[in-house]
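Here's a walk through one protein model, written for someone who likes to know the cut-offs behind the words. Take a look at the fold before reading on.

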Amino acid sequence: MEEAAYWILFQSVFGCGTARSQKVLEQYGHPGAIFDTPYAQLAAGGGFTKGELARLSGATVSAAQQVLDRCARLGCRVITPSHKLYPRRLGEIYAPPAVLYVLGDVEGLDESLAIAMVGTRSRTTYGQRAASDIAGGLARQGVVIVSGLALGIDTDSHAAALRGSGRTIAVLGNGIDTVYPAANRELHRQILERGGAVITEFPPGSGVQPYHFPIRNRIISGLCQGTVVVEGTRHSGSLITAGHALAQGRDVFAVPGSIYSPMSQATNWLISQGAIPISGWRDILSQYEHLIETPADPSPPKSREGFDNIEVNVYNRQKGNAAKEKTGSSRTEQQVLPVCLTPNQQTVYQVLEGEPLDADAITARCGLPVGSVLAALTQLELLGHIHVHPGRRFSL
């Protein structure tokens with residue numbers, strides 16, 4: 001079986017962006033070691049869930065070849081972690097994608113400064129102008145602009161990068177054979193024509209599903225040295241991408257806005273938590289003077305000290321009850337944990353069943369150092385996994 005086929009089958013069994021896939025790879029080292037092992041031996045080993053075993057039994061060479069043939073017809077590259085074009089930064093994140101389906105050009109990405117631009121679909125005129133000015137200015141300086149092809153801030157950012165004669169990459173939450181939203185079909189075409197790329201980890205034929213987008217957001221941030229959040233409400237999906245960026249050790253920038261604008265709640269909150277406030281593209285480039293030459297900005301670099309102690313976590317919201325497969329743990333049957341939490345975050349999350357608790361009570365129950373508890377609570381709050389009550393008490 002060829003290399004790409006192993007990874008395609010691996011992804012079909014263990015899914016996209018899951019902690020489970022990473023744990024299996026840590027054990028076996030390579031998908032080939034799994035699929036070259038007799039099924040009976042895998043089943044007898046007890047290391048797989050019932051659902052995984054069922055999918056393993058149906059993972060055939062012909063199924064992988066069908067995907068490869070479809071990609072060939074689409075003119076789509078299949079890039080796996082062992083491929084020379086697999087982005088190095090993406091390989092460094094937690095739960096890196098097993099397969100990337102790529103239209104266009106990703107060569108040289110590792111040598112480029114790349115910045116993610118994210119924000120709400122319901123952006124204001126202010127948000128549209130800010131996204132356009134920042135993305136356009138960065139693109140003119142040779143920065144690669146990465147976003148998600150959605151309406152609103154994503155569209156503004158991609159379009160501004162193209163107007164600035166720059167390179168832009170769109171990361172999809174669906175199969176490479178579908179342009180979503182359809183209104184961006186022309187933008188999709190221009191991205192490819194002007195040296196950019198459209199990528200996804202979802203195989204051809206994968207439809208548009210709401211739970212795909214939080215999963216794909218880790219790729220948007222993972223491709224980049226920094227992520228800019230332009231606008232969004234306090235519960236905006238752009239906070240998920242910011243959470244991924246923090247988990248990946250990348251910079252988070254936020255465009256400040258009016259305290260009276262609901263669309264500035266996300267960015268103003270991020271700034272209060274330590275994100276780097278920016279007033280233009282020069283503020284971003286001032287953080288990367290060692291990577292790119294740019295006119296000096298008179299203002300000093302902003303600190304991101306408020307994020308330094310936040311623990312690593314990658315958010316992945318699975319559809320419905322897909323995560324409820326039995327793994328032999330009574331805890332799994334009682335409560336489904338969000339996927340891709342670190343051990344500390346899992347521990348904190350699991351003591352939050354029932355009445356709201358303050359940090360002292362949580363620390364006493366979970367037995368972790370108070371600093372670790374506070375860091376985990378901050379990240380869980382950022383990603384929307386927990387509720388915060390008056391008096392800084394927390395619950396699920």
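Is Ser165 buried or exposed? Ser165 is exposed, with a relative accessible area of 69%. (Exposed means over 50% relative accessible area, buried under 20%, and partly exposed in between, using a 1.4 Å probe and protein chains only.) Ser165 sits in the loop between H9 and E5, and its phi is near 60°, a positive value in a residue other than glycine.

**Ground rules**

This is a predicted model, where local features need pLDDT of at least 70, side-chain atom pairs count only at pLDDT 80 or more, and totals for chains, interfaces and linings use all residues. Residues are numbered from 1 along each chain as its sequence is written, and side-chain values use heavy atoms, with hydrogens and water left out.

pLDDT is the predictor's confidence in each residue, from 0 to 100. The protein chain averages 83 on that scale, and 85% of the residues score at least 70. The stretch to watch is residues 293–335, where pLDDT stays under 50. The model still has 99 contacts beyond four places in sequence for that stretch, a contact being heavy atoms within 4.5 Å. Where pLDDT is low, the predicted coordinates should not be read in detail.

**The overall picture**

The protein chain has 18 helices and twelve strands; these are DSSP runs numbered from the N terminus, with helices (H or I) of at least four residues and strands (E) of at least two. Of the 396 residues in the protein chain, 55% are buried. Take the contacts in the chain with a separation of 6 or more: 71% of them come from residues 24 or more positions apart.

**Cores and an enclosed helix**

A nonpolar core here is a set of buried Ala, Val, Leu, Ile, Met, Phe, Trp, Tyr and Cys residues joined through side-chain atoms within 4.5 Å. The largest one has 36 residues, and those touching the most other members are Ile8, Phe10, Ile34, Phe35, Leu56, Val78 and Tyr101. Elements giving two or more residues to this core include helix H1 (3–14), helix H3 (31–35), helix H5 (50–57) and strand E2 (100–104). H1 provides the largest share of this core, nine residues. Apart from it lies another core, of 33 residues, with Val102, Ala116, Val146 and Val171 among them.

Why is helix H12 (residues 238–247) described as largely enclosed by the rest of the structure? Because ten of its ten residues are buried. Among them are Leu239, Ile240, His244 and Leu246. Just after H12, Gly249 takes a positive phi of about 75°.

**Loops and a cavity**

Most residues other than glycine have a negative phi, and most peptide bonds are trans. Leu149, in the loop between strand E4 (144–147) and H9, has a positive phi near 65°. Leu149 is buried, with a relative accessible area of 0%. The peptide bond from Tyr180 to Pro181 is cis, with omega near 0°, and Pro181 is in the loop between strand E5 (168–171) and H10.

Leu149, Tyr180 and Pro181 are among the residues lining the largest cavity, as are Arg121, Phe213 and Arg216. That cavity has a volume of about 50 Å³. A search of the whole structure finds one cavity of 30 Å³ or more. (On a 1 Å grid over the protein atoms alone, a cavity is a set of points where a 1.4 Å probe fits but cannot get out, and lining residues have an atom within 4 Å of a point; points are joined across faces, edges and corners, and the volume is the space filled by probe spheres set on them.)

**Cysteines and a few burial values**

There are zero disulfides in the structure, a disulfide being a pair of cysteine sulfur atoms within 2.5 Å. The sulfur of Cys76 is 4.1 Å from the closest cysteine sulfur, in Cys71, which is too far for a bond.

| Residue | Relative accessible area | Class |
|---|---|---|
| Cys76 | 10% | buried |
| Leu85 | 14% | buried |
| Cys366 | 15% | buried |

Leu85 belongs to the loop between strand E1 (77–79) and helix H7 (88–91). Leaving out residues up to four places away in sequence, Leu85 touches Arg77, Ile79, Val106 and Glu107.

Note on methods:
1 Å grid on protein atoms, 1.4 Å probe; cavity = no way out; pocket = protein on both sides within 12 Å on 5 of 7 lines; lining within 4 Å.
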